[in-house]
Amino acid sequence: MRTPIIAGNWKMYKTVAEGRELVRGLLAGLGAIADREVVVCPPYTALYPLGELLAGTPISLGAQELFYEAQGAFTGAIAPQMLRDVGCAYVIIGHSERRQFFGDTDTTVNRKLFAALASDLRPIMCVGESKPQRDSGQAEVIVTAQVRAGLAGVSVAQIANLVLAYEPIWAIGTGDTATAADAQAMHAAIRATLTELYGDATAQTVRIQYGGSVKPDNVDELMSQPDIDGALVGGAALKADSFLRIIHFQ
Ligand code: PGA
């Protein structure tokens, strides 16, 4: 059985004060969540104070990005160990916005993934196709190639600490979610790739999140699909009531 994992990607939103308010709201409405895992990924500037607020609670802290070097003259970059230092358990790697605006490639994604694992951070590795790629029937080929390239060299033992997120680029922030059937088809293709790489028993243990306009009114249907094991949520994770409704999917 795979424990569902719901993660909020706050992107470039929330000051420290706003983040505190949101986290307090989440903790107040969370209730018992023994059968699911919850992660919030605030911007770097809010990680330390929110890590303090979340310590000892059922919500884990994640970062949205890291650099693969341990330290050095890399102006503006944050090292894996620095994220551990402020209480992060997870880190998003290879989000399409990082690929689009900050030069991430499958090669840097792979390096970052190893850097995260070496520092005991669990990567949430994002993959996804663009609209033209989907329209031309290439979505599965592109996405499974991203999975293979991102995971190059990752061992069976290491894959246990990794979460994948399928995020079709055209569905991110657009309100235009993939249908549950299309998302399930892609998740099944990703799992088939994992089976080729790691064998069926291991592939069955890896969690694959869906991301892209997940909302309170579509989360239940998405989560009812056999290969969808969680959600990576942007816009709807910025308000306590909508993120709580997503966390409490049926
Ligand atoms: P969205 O973002 O939920 O606002 O579409 C998802 C993501 O980019 O992780």
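**Close-up views of a predicted model**

**View 1. The shell of residues around the ligand.** By class, this shell holds 4 nonpolar, 7 polar and 2 charged residues. The model shown here and in the views that follow is predicted. Among the 13 residues around the ligand, those that come nearest are K11, H95, E167, G173 and S213.

**View 2. Polar atoms facing the ligand.** H95, one of the residues that come nearest to the ligand, places a polar side-chain atom 2.7 Å from a ligand oxygen atom. In the side chain of N9, an N or O atom is 3.5 Å from an oxygen atom of the ligand. G235 contributes through its backbone instead: one of its backbone N or O atoms lies 2.8 Å from an oxygen atom of the ligand. On its own, the ligand has 280 Å² of accessible area, and the protein covers 97% of this area.

**View 3. The closed barrel of strands.** The barrel is formed by 8 strands, which close in the order β1-β2-β3-β4-β5-β6-β7-β8 with parallel pairing. From one strand to the next, the twist averages 25 degrees. In general, the strands of a sheet pair through backbone hydrogen bonds, and the pairing may be parallel or antiparallel.

**View 4. The pairing of strands β1 and β8.** Strand β1 spans residues 5–9, and strand β8 spans residues 230–233. These two strands pair in the parallel sense over 4 bridges. I6 has A231 in β8 as its bridge partner.

**View 5. Helix α7 against two strands.** Helix α7, made of residues 139–150, lies across β5 (122–127) and β6 (163–166). The helix runs at about 150 degrees to β5.

Terms used: Residues numbered from 1 in each chain as written. Predicted model: local features only at pLDDT ≥ 70, side-chain atom pairs only at ≥ 80, totals over all residues. Heavy atoms only, no water. Near = heavy atom within 4 Å. Polar contact = N/O pair within 3.5 Å; in protein donor to acceptor, adjacent residues only side chain to side chain. Areas by Shrake-Rupley, 256 points an atom, 1.4 Å probe, with all protein chains shown as cover. Nonpolar A, V, L, I, M, F, W, Y, C, P; charged D, E, K, R; others polar. Pairing = 2+ DSSP bridges. Axes fitted to C-alpha atoms, helices over the stretch in contact; angles between N-to-C directions. Contact = heavy atoms within 4.5 Å.
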